[in-house]
Amino acid sequence: MTPELQQIVYLSFILMLAIFLGFELIAKVPATLHTPLMSGSNAISGITLVGALVSAGAEQTAMATWLGAAAVTLATINVVGGYLVTDRMLAMFKKKSSGGAQ
Amino acid sequence: MSSAVIINFAYIASALAFVFGLKMLGSPATARKGNALSAIGMLLAIVVTLLDQQILTFTWIAVAVLIGSVIGVLTARLVAMTSMPEMVALFNGFGGAASLLVGWAALFGGEASSFVAITIVLSVLIGGVTLSGSLIAWAKLSEKMPGKAITFKGQAFVNGLIVLTLVLNAIWFVQQPVGDSVYLYAVIGVSLVFGIMLVIPIGGADMPVVISLLNSYSGLAACAAGFVLNNNLLIVSGALVGASGIILTNIMCKAMNRSLANVLFSGFKAVKTSTA
């Protein structure tokens with residue numbers, strides 16, 4: 001096997017296990033948590049920021065730097081906005097449930 | 001220890017934070033802590049990535065992170081509680097766009113092998129569909145455009161044509177993967193059109209389900225970008241979001257007494273019922 005092929009097999013193993021884990025993680029979720037869960041996992045998909053950081057700073061070509069910088073901006077909005085919005089939703093949810101208990 | 005080793009060990013910790021964060025988000029008692037844990041994982045990943053020796057200049061990174069953070073904080077703070085779902089759609093679209101750009105930028109890093117070229121096409125394609133689909137979902141929910149399903153005669157045929165164009169251009173691009181390839185531009189353009197076509201035939205009440213599905217797509221786009229860059233953390237987190245997003249979409253469908261296929265192919269079904 002060539003090194004690249006080995007790398008592909010190795011990455012595919014990781015992919016397969018992560019997909020299976022993702023399937024198993026979400027089982028019974030109460031309906032009130034659907035939107036916060038969606039929003040919270042949306043923030044995680046902003047992880048592409050990690051890739052964008054390298055593109056923006058690697059000084060390859062001007063075009064790559066521009067694309068990378070645009071990607072960093074968009075992904076940062078996704079990450080920062082995503083986590084904050086989720087937290088706001090969950091804060092409201094907590095108030096509601098404690099109000100109901102009283 | 002080299003920086004690459006430190007980065008990769010930190011990435012394992014980040015991946016763990018995402019896994020437990022997602023798990024905790026599924027239960028009311030732990031949801032808020034789960035979100036915070038996942039945010040800490042993200043912060044750790046970002047900070048250690050800055051140690052990467054490929055990064056030579058921090059000017060553009062600093063400017064871009066600052067702009068993104070300000071916009072993110074302001075929109076998250078100022079948005080009305082009632083318009084949260086469309087905000088999620090908009091953020092999701094940005095995430096998809098970022099994966100598109102990361103895939104594209106990778107083309108300028110030197111010669112791409114066929115495998116890398118295929119993963120670049122995938123990240124660009126899924127990222128593009130996520131971007132335009134999310135923008136349509138946002139526009140529908142915020143009533144910037146009519147919320148009801150938009151269907152027309154021959155929609156299935158047009159969609160088929162779009163898929164064919166995408167596949168052909170993707171194949172041509174993979175044969176000659178360069179940064180200014182017209183085929184790549186075609187894939188970007190057509191995937192944006194495809195995202196629009198996927199979401200317009202879906203009506204207002206189904207929109208949260210569609211956003212959840214698009215969220216899953218943005219995870220897959222990040223996962224594809226991970227293959228492009230050979231980055232384990234992107235692959236793991238992207239796959240986690242992609243898979244859990246599909247399950248959540250399914251759960252949301254069940255809560256509405258609909259099947260996932262019913263929502264996925266509602267465009268084609270809507271055409272059938274409207275012509276029948």
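In the predicted model, N257(B) is exposed, with a relative accessibility of 75%. This value is over the 50% cut-off, and N257(B) therefore falls in the exposed class. N257(B) sits in the loop that joins α9 (232-255) to α10 (260-264) of chain B. The backbone of N257(B) has a phi near 60°, a positive value in a residue that is not glycine. Most residues other than glycine have a negative phi. Chain A supplies another case. E59(A), also not a glycine, has a positive phi of about 50°. E59(A) is placed in the loop between α3 and α4 of chain A.

Two buried residues were then examined, one from each chain. S3(B) belongs to helix α1 of chain B. The relative accessibility of S3(B) is 13%. Buried means under 20%, so S3(B) counts as buried. Apart from neighbours within four places in sequence, S3(B) makes contact with L51(B) and Q53(B).

T73(A) is part of helix α4 of chain A. Its relative accessible area is 16%. This too is under 20%, and T73(A) is therefore classed as buried. With residues up to four places away in sequence set aside, T73(A) touches A64(B), I67(B) and G68(B). These partners of T73(A) belong to chain B. Within chain A, the C-alpha atom of T73(A) is 8.5 Å from that of L49(A). Along the chain, T73(A) and L49(A) are 24 residues apart.

The contact between the chains was considered next. Chain B contributes 88 residues to the contact, and chain A contributes 78 residues. The size of an interface is often given as the accessible area lost when the parts come together. For chain B and chain A, the buried area is about 7,400 Å². Carbon and sulfur atoms give 77% of this area. One salt bridge is found across the interface of chain B and chain A. D87(A) and R32(B) meet through their side chains in a salt bridge, with an N to O distance of 2.9 Å.

Pockets were also located. Rolling a probe the size of a water molecule over the atoms shows where empty space is left. The largest pocket holds about 740 Å³ of space. Its lining comprises 34 residues. Nearest the centre of the largest pocket lie Q54(B), V228(B), L229(B), N230(B) and N231(B). Both chains give elements to this lining. From chain A, α1 (3-25) and α3 (48-57) each give two or more residues. From chain B, α1 (3-25), α5 (114-141) and α8 (207-229) do likewise. By class, the lining of the largest pocket has 16 nonpolar, 15 polar and three charged residues.

The second largest pocket holds about 330 Å³ of space. Here 18 residues form the lining. V79(A), V80(A), Y83(A), L43(B) and I46(B) lie nearest the centre of the second largest pocket. At least two lining residues come from each of α3 and α4 (62-101) of chain A. The lining of the second largest pocket divides into 14 nonpolar, three polar and one charged residues.

Key
Residues are numbered from 1 along each chain as its sequence is written. Chains are lettered from A and ligands numbered from 1 in the order in which they are written. This is a predicted model: local features need pLDDT of at least 70, side-chain atom pairs count only at pLDDT 80 or more; totals for chains, interfaces and linings use all residues. Side-chain values use heavy atoms; hydrogens and water are left out. On a 1 Å grid over the protein atoms alone, a cavity is a set of points where a 1.4 Å probe fits but cannot get out, and a pocket is an open set with protein on both sides within 12 Å along at least five of seven lines; lining residues have an atom within 4 Å of a point. Grid points are joined across faces, edges and corners, and a volume is the space filled by probe spheres set on the points. Helices (H or I, at least four residues) and strands (E, at least two) are DSSP runs, numbered from the N terminus. Ala, Val, Leu, Ile, Met, Phe, Trp, Tyr, Cys and Pro count as nonpolar, Asp, Glu, Lys and Arg as charged, and the others, Gly among them, as polar. Buried means under 20% relative accessible area, exposed over 50%, partly exposed in between (1.4 Å probe, protein chains only). Contact means heavy atoms within 4.5 Å. Buried area is the accessible area (1.4 Å probe) that two parts lose on being put together, summed over both. A salt bridge is a side-chain nitrogen of Lys or Arg within 4 Å of a carboxyl oxygen of Asp or Glu.
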